[in-house]
Amino acid sequence: MTDMTAPRLLTVLLNWRTAPMTLRAATAGLAAMAELREALPDARTDLVIVDNDSGDGSFEMLRDAALERGWTEGGAVRVIQSGHNGGFGAGNNVGIRAGMADGEPPDLVYLLNSDAFPEPAALLAMVRALQADPQAGIAGSFIYGEDDVPHETAFRFPTVLSEFEESACTGPISRILSRYRVPLEIPQVTTRVDWLAGASMMIRREVLDRIGLFDEGFFLYFEETDLCHRAAREGFHTLYVPESRVMHIGSVSTGMKSWAEVPDYWFDSRLRYFTKSYGAGYALMCSAARILGAGVQLMRRPAKRQQNKGQLRRILDHHHRTIRSGSGRKQGSRHSPVRLRDMKGKS
């Protein structure tokens, strides 16, 4: 079990074409790491900045800035290149595999988005929460925006009923199925949840030793859901820690806020999650529930008929293409087999 009195913490910060913002996140992360070391003097903290094959000069900018600011002295901060943009999970796996600068495995891995900025006490609060609950394997932060408005980042695992509720998106149905809705009311105290957004997430090494790293079959979205789900199946629970406060801009790399329509990789990830977690039959039921919900919305909201028809066509088209290709039946467990306990002496 992790020695939480003097943890070895590896922070992984993933960049994709947001170098100036990544440097801002690194500055905030380093301040929070310093606060952790002040409270726990024997703690060791390293930061690995991973450029996810941006191809826009980000790697060179990050490398040069880290050197100029003196961050790289003693190996406490390293800037590395992934060599391939395999998505969020794959990029974070590159940083996790890099390990601590001295070659010894970390006790804790902290994932920080390039557009997320932890307050000084954010990391310490998560460590304290994990100290207090030995069965907790993952902890996440209270996330708020630049306007101080809290973000929904604590969730239930998605199910057939949550798929129907989300797709139907009507008041009566949402009220009836409220206990199946994926987003939770934002907890006011440290609370067990099913899964958390990965913008600010701390993971015990024991979890990754047991379940492996991120499943690189997810390019973007559902990779955190899958990780927390695998952890839960191994007896680890996930904590939402409101005392760990992190400001998050959100969707800077993905452009989600400006999406004209949901990209195919979101549908791919969704289908992969349900098939991998519960089987192809359950995944089919989830798609049927989402299609049925879209039909309900189509009937109840005539003013948005064209928009709803478009959503329904996308769902039907994606599921049809997936079934024809056979990928819906082949969603395996392609998470990384590498364990952190095997990383000694590697970098």
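Helix α8 is followed by G235, and the phi of G235 is positive, near 95 degrees. Helices here are DSSP runs of H or I with at least four residues, strands are runs of E with at least two, and both are numbered from the N terminus. α8 itself spans residues 223–233 and is mostly covered, with nine of its 11 residues buried. Buried means under 20% relative accessible area, exposed means over 50%, and partly exposed is in between, with a 1.4 Å probe and protein chains only. The buried residues of α8 are E223, E224, T225, D226, L227, C228, H229, R230 and A231.

Before going on, the source. This is a predicted model, in which local features need pLDDT of at least 70 and side-chain atom pairs count only at pLDDT 80 or more, while totals for chains, interfaces and linings use all residues. Residues are numbered from 1 along each chain as its sequence is written, and side-chain values use heavy atoms, with hydrogens and water left out.

Now the chain as a whole. There are 11 helices and 11 strands. Of the 347 residues, 56% are buried. Taking contacts with a separation of 6 or more, 82% are between residues 24 or more positions apart; contact means heavy atoms within 4.5 Å.

Next, α2, residues 58–68. Which residues of this helix are buried? They are S58, F59, L62, A65 and A66. Seen down the axis of α2, these buried residues fall within an arc of 140 degrees, so they line one face of the helix. The arc is taken from the directions from the helix axis to the C-beta atoms. L67 and E68, on the other side of α2, are exposed. The cover over the buried residues includes β1 (8–15), α1 (19–39), β2 (44–51) and β3 (77–81). After α2 comes G70, again a residue with positive phi, near 75 degrees.

D51 lies in strand β2 and is buried, at a relative accessible area of 1%. Leaving aside neighbours within four places in sequence, D51 is in contact with N15, S58, F59, I80, Q81 and S82.

α1 packs against helix α4, residues 122–132, at an angle of about 50 degrees, with the axes 7 Å apart. Axes are lines fitted to C-alpha atoms, for helices over the stretch in contact, and angles run from 0 to 180 degrees between N-to-C directions. This makes α1 oblique to α4: under 35 degrees counts as roughly parallel, over 145 as roughly antiparallel, 65 to 115 as roughly perpendicular, and the rest as oblique. A32, M33, L36 and A39 of α1 make the contact with L123, L124, V127 and R128 of α4.

The other pair is α9, residues 264–278, and α10, residues 280–300, whose axes come within 7 Å and cross at roughly 135 degrees. α9 and α10 are therefore oblique to each other as well. From α9, W266, R270, L271, F274, T275 and Y278 meet A280, Y282, A283, C286, S287 and R290 of α10. By class, this contact has eight nonpolar, two polar and two charged residues. Ala, Val, Leu, Ile, Met, Phe, Trp, Tyr, Cys and Pro count as nonpolar, Asp, Glu, Lys and Arg as charged, and the others, Gly among them, as polar.
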